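My notes follow in the order I took them.

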Amino acid sequence: MREESQGGANVSTIRSSSLNKCLALARKHIKTLPAPLPRLFFKSLLLHSLFRSRHSISSMSTEQVVVSLAKRTAIPQHPLGPLTAAEISESARLIKGSWPSNTNVHFKSITLQEPKKAELLPFLAAEHSGRRTPTIERKSFVLYYIRNTDKLHEAIVNLGLGEVESNLRLGPYVHSPADGDEIVKVEKIALEDEKVQAEIAKLQLPEGTVLISDPWIYGSDGIDDGLFTDAKRMFQCFLYIRDPNNASEADGNHYAMPLTISPVVSAETMTVTRIDILPTGVDNTIREPSPYKVQPPNEYIPEAQTLRTDIKPLNVIQPEGASFTVKNFSEQGHEIAWQKWDFKVGFNLREGMVLYDVHYDGRPLFYRLSLSDMNIPYADPRHPYHKKAAFDLGDAGAGIMANNLQLGCDCLGSIHYLSAILNDDKGEPLHMPNCVCIHEQDAGIGWKHTNYRTGRAAVVRNRELVLQSIITVSNYEYILAFQFNQAGEVMYEVRATGILSTQPIDEGITVPWGTVVHPGVLAAHHQHIFSLRIDPMIDGPMNRVVYDEAHPMPRSDFNPHGVGYTVNETPVTTSCGLDQNWDVNRIFKIQNAGVKNPINGKPVAYKIMAPPFQKMLADKDSFHFKRAEFADHNIYVTSYKDDELYAGGKYTNQSRGGTGVRSWADRKDNVLDDDIVVWVQFGINHVPRIEDFPVMPCEILKVALKPVNFFEKNPALDVPQSVQSFNKSVLASMNHGQEAGEAVVEKGGELCCVKESSKL
């Protein structure tokens with residue numbers, strides 16, 4: 001990742017699975033494509049590609065492992081540093097060189113092959129102690145097709161030796177994510193197909209109407225019957241139109257005008273294999289396309305609104321700058337230090353932000369943190385909607401869909417930006433400017449106590465460090481953020497916004513699996529289920545998971561009034577899935593049983609605070625359930641295995657299940673005082689409402705990791721007190737001519753709390 005000191009060019013957001021061939025394709029097609037791009041991809045792929053400027057790469061790096069590339073130029077790198085542009089190009093060159101010269105290679109992903117943990121732990125220990133670090137070979141993981149075939153390969157390239165270390169042809173029912181180049185082709189193919197055009201003609205759309213195709217990953221239902229097979233990689237395209245009365249508005253909300261025609265396109269042959277006509281009533285009945293009734297538009301863009309005029313500026317100002325520091329630990333990797341926190345930040349195509357080697361005040365907490373997976377299964381049981389279940393990371397990628405964040409818009413205050421380098425479908429470096437913003441924010445009061453006898457108040461503000469990335473998945477946006485505070489707590493926050501995925505419905509009817517949000521427009525119910533992967537290292541690598549439960553004490557001579565209750569702790573000994581139980585206040589903790597708190601003798605720990613959510617609603621025999629292996633439990637605990645990073649499995653596109661965290665947990669490995677991984681699930685059952693359209697207010701979800709018996713006292717005691725000379729607040733009444741209340745000016749000019757002998 002490369003760092004930027006200020007915001008970059010404005011960018012329209014996208015949904016892309018491997019956002020490839022960007023700039024050249026954008027310049028070639030930007031004037032010819034009729035509309036914003038598709039759902040599973042990608043509303044504004046071309047604009048995204050066009051406006052992501054090509055910046056030079058920072059040459060800063062730490063002196064660690066020497067990597068020899070094609071010209072054997074020594075480039076110092078760190079084992080956890082994301083691949084450099086040179087390493088991406090070299091990986092592609094070596095893969096191409098392993099095939100005959102006329103072979104057309106279609107690259108899906110070229111990313112860092114992370115070192116084995118057994119190799120990296122001694123390296124990190126040496127690094128922290130200032131000792132000489134051992135040499136670890138730099139390797140890349142390459143996923144690619146022979147273009148226009150189903151021959152999918154995964155390869156490991158040893159960049160130090162300059163050779164392809166392994167090259168495996170993957171078997172049936174294993175498919176890559178989509179990418180931007182093929183999405184552009186699929187959109188065009190769907191709209192240019194003669195049979196599709198014949199169906200569109202039956203709608204008798206007004207002259208000049210612009211049609212838009214949203215290609216979705218096809219999904220899986222286990223059916224392998226002629227044109228309805230899901231054995232081959234396919235796209236299901238959903239068609240829309242822009243407002244015919246304002247067809248030139250490229251940002252018009254086409255989701256307010258869905259059509260009943262849905263072409264299916266083969267990713268292998270790039271042809272339309274069949275055309276589905278969508279049901280629009282209360283059952284599976286399909287009707288021949290007929291003249292389309294154009295409904296009024298429902299736009300979200302500001303120029304379509306009468307904007308409020310009574311809102312005043314709210315500026316976030318840090319006159320002395322930010323309190324965090326950022327430095328390179330490799331050419332594309334960054335190390336962040338803030339308020340006793342220290343950690344490394346990586347970035348890759350699939351997960352986006354990844355945090356490594358997280359320490360607080362010199363004590364290790366987490367080896368690796370990342371959003372591992374998400375699944376969005378839809379509730380409409382009718383064909384073809386029954387296959388609609390997006391894996392936004394595995395089918396697309398949080399890294400490749402990351403927005404170019406804008407100064408003063410997406411992030412406020414004193415902002416530091418990180419940029420990244422990914423790859424396009426030709427194996428060339430793809431620059432992703434400003435894909436992570438780092439800033440501080442005030443999160444209210446951190447702690448406070450007022451001595452009512454003296455009137456003295458002790459109070460500190462809760463300052464947070466935020467690392468934020470925003471991804472656009474065609475219609476949906478996810479605002480993803482790691483947050484750290486001064487009390488030793490880590491939070492992971494997801495804000496879901498954007499536009500609902502819509503489908504046509506007959507006027508005047510309702511159905512129990514969705515909400516009518518506009519005339520003729522249905523938004524189906526759906527779930528958003530996320531999986532946060534926690535690779536803990538709580539004061540060392542050997543950890544366990546335990547859960548506490550609170551139970552009432554039985555009445556007895558000792559408890560005659562029936563008010564007593566106790567908290568019991570249960571260790572998890574073998575890998576499994578577990579659930580919250582709020583009736584007994586079940587709280588999961590990650591412990592190091594070998595390190596005891598010096599005050600109370602209890603093991604040091606971090607507890608997991610996650611919001612309750614409704615598990616996967618599709619039944620256990622459904623492909624929704626089989627594929628989203630993480631969606632049936634709040635917590636999974638597994639033994640650590642290299643390369644087990646993704647809760648839904650390595651390849652989610654049209655997957656069949658059996659390759660994710662549920663299967664790993666079924667090994668029943670020992671997880672007591674061992675090297676473990678904890679998977680935390682959270683989410684929402686999104687029952688759409690009118691207020692979610694044409695764009696939805698943010699739904700906010702947050703997982704918190706909080707210390708339990710880890711410190712000897714409140715770790716935020718040393719945060720300076722909150723005082724007016726530091727905060728520089730003003731009385732609103734002074735600006736509005738209102739009657740001001742009384743306040744006490746204390747010695748030294750401090751204006752703080754009213755001092756009285758008693759508050760009671």
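With which side chain does the side chain of Asp 230 make a polar contact? I find that the partner is the side chain of Arg 656, at 2.5 Å. I took a polar contact as a pair of N or O atoms within 3.5 Å; within protein, one must be able to donate a hydrogen and the other to accept it, and residues adjacent in sequence count only if both atoms are side-chain atoms.

Before going on, I note that this is a predicted model, in which local features need pLDDT of at least 70 and side-chain atom pairs count only at pLDDT 80 or more, while totals for chains, interfaces and linings use all residues. Residues are numbered from 1 along each chain as its sequence is written, and side-chain values use heavy atoms, with hydrogens and water left out.

**Asp 230, continued**

I located Asp 230 in the loop between β8 (211–217) and β9 (234–241). Helices (H or I, at least four residues) and strands (E, at least two) are DSSP runs, numbered from the N terminus. Asp 230 counts as buried because its relative accessibility is 0%. Buried means under 20% relative accessible area, exposed over 50%, and partly exposed in between (1.4 Å probe, protein chains only). I then listed its contacts (heavy atoms within 4.5 Å). Leaving aside neighbours within four places in sequence, Asp 230 touches residues including His 175, Tyr 218, Gln 654 and Arg 656.

**Aromatic pairs**

I paired rings of Phe, Tyr and Trp (its six-membered ring) if their centres lie within 6.5 Å; planes under 30 degrees apart count as stacked, over 60 as edge-to-face and the rest as tilted. The count by this rule is 18 aromatic pairs. One of them is Tyr 240 with Tyr 255, edge-to-face at 5.1 Å centre to centre and 70 degrees between the planes. Tyr 240 lies in strand β9 and Tyr 255 in the loop between β9 and β10 (261–266), so this pair ties together parts 15 residues apart in sequence. Both tyrosines, Tyr 240 and Tyr 255, are buried.

I also looked at Trp 341 and Tyr 360, whose ring centres are 4.9 Å apart with planes at 75 degrees, so this pair is edge-to-face. Trp 341 is in strand β14 (residues 341–348) and Tyr 360 in strand β15 (residues 352–360), so the pair ties together parts 19 residues apart in sequence. Trp 341 counts as buried at 1% relative accessibility, and Tyr 360 counts as buried at 2%. Both belong to one aromatic cluster, whose members include Phe 343, Phe 366 and Phe 484.

**Cysteines**

How many disulfides are there? I count one disulfide, taking a pair of cysteine sulfur atoms within 2.5 Å as the rule. The disulfide joins Cys 411 to Cys 437, with S to S at 2.0 Å. The torsion about the S-S bond of Cys 411 and Cys 437 is about -85 degrees, so the disulfide is left-handed. Cys 411 sits in the loop between α7 (392–396) and β18 (416–423), and Cys 437 in strand β19 (residues 429–450), 26 residues apart. Cys 411 counts as buried at 1% relative accessibility, and Cys 437 is buried at 0%. Cys 409 is in no disulfide, and the nearest cysteine sulfur, that of Cys 411, is 9.3 Å away. Cys 409 is exposed, with a relative accessible area of 60%.
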